[in-house]
Structures are given as structure tokens and as C-alpha cells.
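User: I'm new to this structure and would like to learn how to read it. Could you take me through some of its features one by one?

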Amino acid sequence: MAETPPGGDKVNWNSWHDFWVMGGYAFYVWGSYAATLLLIIAEIALLKMRRLSAVRSLRQNTNTQVS
Amino acid sequence: MGALLRAVIRRDLLLAWRRRSDVATVVLFFIIVVSLFPLGVGPEPDLLRKIAPGIIWVAALLACMLSLQHMFASDHADGALDQMLLAAAPLGMIVAARAFAHWLISGLPLVILSPILAIQFDLSPELSPVLTLSLLLGTPILTLIGAIGAALTLGLRGGGMLLALLVLPLYIPVLILGAGAVDAASAGLGADAHLLLLAAQLILTGTFAPWAVSAALRISAE
Amino acid sequence: MNQPILLAGGVNVFKYAAPQTFYPLAGKLMPWFFWTAALLCAAGLYIGFFVAPTDHQQGEAYRIIFIHVPAAWMSMFIYVVMAFWAGVGLIFNTRLSHMMVSALAPTGAMFTFVALWTGALWGKPTWGTWWVWDARLTSELILLFLYFGFMALQAGIDDARRADRAGAILALVGVVNIPIIYFSVKWWNTLHQGASVSLTSAPTMAATMLSGMLLMALAAWMYSIATALHRVRSIILEREQGAEWLKHLPEATK
């Protein structure tokens, strides 16, 4: 009862374990992808923070104008 | 217009003569930085001979950059810069004249000193003229490119460090060609290609940099 | 504030040059670009990991290419786009063009850093050292300095108009220098044959590898547009403070 390899029957990987180990290069491959993912998350977070503070000062300005 | 440009150059040289210590500082900086490297890497002659062109070039590059801060700063402070912007002659020509004067004061001394410093590194006598020639062609380029940075950062808080950050990446091709000329000569490949490329870059920079400096000066002085 | 009109095929091209009209447009478009990027990325990674075969020479380590190359491409492309909008801003004196330049820079710097980081992680298993002074990586490093210089210059100038225009000059000077820098670095690299192999000798590209890479490149492109649109909206809010139209935005009163 052979389990379907990850990715279907395109036999790149015989098991999930092989996938994670990445032929011994796990540190380099996953290190690259993890760093990229972290940077993208950080960028999105910074973007959201910037928008938040811009909207906040917009609200302050608008409300103080109301006499 | 020729008279105006000659007057600009004469004025700059006169000001520099009155502030001789500023000029001397740049030269001394150059000498000291060059001397630091043997102290850092050890006195072994073979190694020093090999790294001499790179070191002398980097030191010249840093010394040029140091001196650039003053290029427009004092004129900006006392209003002479505004006069320049309003002058009848095209700003680009005035800028070119000022850059030339600045090079005479801070670039040419380095070129003249380089053979003496090359002796410190026991650079072979055939290579020393190549080094001097590469600096002769390269230091004006450094002055012109640096003038762009000086104009952009005029009066800013970040000052010298910001100028360095802007200008050093742009200096890299000049460094590669200049130091590479000597390396190529020592490898027997001949420095012609490098020196010709340096000359080409000098012509290009001389043509376009004054325009960029003028635009930057107008932006900074508004 | 006179609005010039430039008709292209009957459409007023300059209509969206005003922050007021661009702001809502950017808001509507941004999510589309983001989710398109996410989909393309998923497709690209699927092909990259589950369809593309192992490389004979480099083993599984080559799979870094699906990030490294798209990031490197985007880092250079974004700088060129920045220079384009910088030129437009200087010629037509449009604030929004300058705002777009500022909006693009951080994403460009991010991709440049990713290219360098992944380049190092690729270099270690394949060539044995963390850093290889090959022409492409060294040029990427210099490009990172150019990005940082631009952002530092803008951060150091308080007056928005001066910051815009000084940055624009710097971006244009930079873009002119990039080919010069690249060729001189390449020259330098070939003469100093210490590191005689370069990371650019990529594995022979199977069609699946190439398509994975192209999908990831498209994903990076869509992502860059999304982040630029989002960031420029914040910049508009920051810069246009006091303008009447801002007060009527839904965000202003909640």
C-alpha cells in the first residue's frame, strides 16, 4: 500500500521526509525561502503600520477642524 | 565668458590659498591612510607590492570625498552660491570651472604624491607611472561625480556620511579601472585598455556631470 | 492648480496624475495585484518543487534559483522604473510621480537583499564559500548601496519638494551608472580569475525549471506593484495633509 508521494505521482520526492531534507541541502534551501518569507511578512507589516499611523493623523486633523 | 570662468578659478585658488590648512589636511589624510595598510596587513614586501595600487587608489578616493564637503558649503553659507545661480554664464560652465579648481587643489596634489607613496610599497619603477597616470585621469572623475553628491547634500544634517554613502558606489567603476590598470600592467597585459576607458569615462563625466550638479544646486538652494 | 490634459485615444491620461483621483484607484487595484501575486507564487513554487527535476550537478540546492533570480530581476527592474518616474516627475512636475518613486524604493531594496542572501546560501553548498565576488553578486551589492543611498538622502531632507527632486536626480544618476558599474565589475571579475566559476553558470535549464522561474518572476512583479500601490496611498495621506478632499474620505471619520 504505497502512499502517494508529495506532489502526486511526479516522482520528485519519495516521501515528505525527503522533501524536508531536500537532498541534504535543507539548511540552504529552506534558509533561503524562510528568510524571503520573513522579509515579505515584515514588509507587509511595515506597510500596514505606516497606513495606520497615516490614517490616525488624518482622523486627528479632520476632527480638530470640526468647530 | 572666458574671463568669468578664469575669475571663478582664480577666486577658488585664492580662497584655498588663504585656507591652506584645509588643503594640507586632505593631503595628510591621504598619506596617513596609505600608511595604515601596511600596519594592518604586515610589512611583507610581496604582499604590499601587490596591494599597493588598490590601497593608494582607495586612499585617494577617500581623500577626494573628504574634501568635497567643503566644495559648496561655505559659498552656500555666505550667499555666494545664490550669486552663482543668478550669474549670466551658464551654471554648467561655472560648475565645471569650480570642479577644475577643486581638482587642482585636492586632486592634483594626490597625483603628484603618488609616486613617492608607491616607493613605500616598493612598487616597481615601470608600474609607478601607470599608477600616476591612472590617478591623473581618475581624480578629476572623482571630483566631478563627488560634486553631484556635494550639491545634493548641501546643508543637510547627515553631511559627510550621507555624501559618502551616495558617492562611493558611483566611485567603484573608477576604482576598478584605475587600480586595474596597474594590475593589468603588472600582469603583462598592458594598461592601455583600462586607461583608455578611464579617459572615456572622464570625457563622459565631464560632459554630463556639470549638468547634474547644476540641477542639484538649484534644487538644494531653493 | 491647473490640470494639464493629455488625450491618448480619447482618455485623459493626466487625470490620474492627481493624488486625489489616484488614491481611490490605487485602493481598488491593490488587492487584485496582491492576490494575483499569491496565486502565481503558489503555481511557481508547485512547479519548482514538484514538477521540475533535480539538477545533475547541484542537486536540490539549485531550487534556490526560484527565488534568487526573480528577486535579482525585480531589484534591477524596480530601480529602472524608479528612474522612469523620477524623470517624469522632473519633467512634468507631478507630485504623484515623485511619490511613486519613494513608494517603490523599499521594495526594491528588499528584493536586492533577498537576491544577496539567497545568492550567499546558494554559493556555499555549490562553490564552498558564503560570498563569491562574481560580477552579478557584486553588482547586486552595489545596487543595494544605491537603494540605501536614495532612501538615506530622502530621509535626510525635511522639505518634501527638495527631497523629491534631489532623490529624482540621484535615481537618474544611479540608473545611468548601473550599466557602467555592471560592466566594470564584470571586467574586474574576469581579470582576477581567483573565483573562476560564477553563480551565473546556472544549471542547464529544463523547460519546467524555466517556467517555474518565470512564474515566480511574474509573482514578484505583481507583488511589487501591490506594495507600491499600498505604500503610495500612505504617502499621499502623509503628504497631502490639510487638503480638502482628504476630509471626505471614509477613513477620515470613523
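Predicted model: local features only at pLDDT ≥ 70, side-chain atom pairs only at ≥ 80, totals over all residues.

**Reading helices, loops and chain contacts**

Analyst: Let's start with a pair of helices: H1(B) and H6(B) cross in a right-handed way. Right-handed means that the near helix is turned clockwise from the far one by less than a right angle, and left-handed means anticlockwise. Helices here are DSSP runs of H or I with at least four residues, numbered from the N terminus. Residues are numbered from 1 along each chain as its sequence is written, and chains are lettered from A and ligands numbered from 1 in the order in which they are written.

User: At roughly what angle do the axes of H1(B) and H6(B) cross?

Analyst: Two packed helices are described by the angle between their axes and the distance between the axes. In chain B, the axes of H1 (residues 2–18) and H6 cross at roughly 35 degrees and come within 9 Å. Each axis is a line fitted to C-alpha atoms, for helices over the stretch in contact, and the angle runs from 0 to 180 degrees between N-to-C directions.

User: Which residues make that contact?

Analyst: Two residues are in contact if their C-beta atoms, placed from the backbone, lie within 7 Å. H1(B) brings residues including B:Leu5, B:Ile9 and B:Leu13, and among those from H6(B) are B:Ile94, B:Ala97 and B:Leu104. The residues of this contact divide into 12 nonpolar, 1 polar and 2 charged. For these classes, Ala, Val, Leu, Ile, Met, Phe, Trp, Tyr, Cys and Pro are nonpolar, Asp, Glu, Lys and Arg are charged, and the others, Gly among them, are polar.

User: Where is the kink in H6(B) centred?

Analyst: On B:Leu104, with a kink of about 45 degrees. The bend at a residue is the angle between axes fitted to the seven residues ending there and the seven starting there. H6(B) has 30 residues and spans 42 Å from its first C-alpha to its last, close to the expected 44 Å. That expected span is 1.5 Å times one less than the number of residues.

User: What comes after H6(B), and what is its phi?

Analyst: Most residues other than glycine have a negative phi. B:Asp122, which follows H6(B), has a positive phi near 55 degrees. B:Asp122 sits in the loop between H6 (91–120) and H7 of chain B. B:Asp122 counts as exposed because 11 other C-beta atoms lie within 10 Å; the cut-offs are 12 or fewer for exposed, 20 or more for buried, and partly exposed in between, with C-beta atoms placed from the backbone.

Chain C has a case too: C:Asn93 has a positive phi of about 60 degrees and is not a glycine. C:Asn93 lies in the loop between H2 (65–92) and H3 of chain C. With 13 C-beta neighbours inside 10 Å, C:Asn93 is partly exposed.

User: How many residues of chains B and C are in contact?

Analyst: Chain B gives 23 residues and chain C gives 23 residues. On the chain B side, H8(B) gives the most, with 12 residues. By class, that side has 17 nonpolar, 3 polar and 3 charged residues.

User: And how many residues of chain C touch chain A?

Analyst: 32 residues of chain C are in contact with 26 residues of chain A. H3(C) supplies the largest share of the chain C side, 10 residues. That side has 16 nonpolar, 8 polar and 8 charged residues.

Notes. Helix = DSSP H or I, 4+ residues; strand = E, 2+ residues; numbered from the N terminus.
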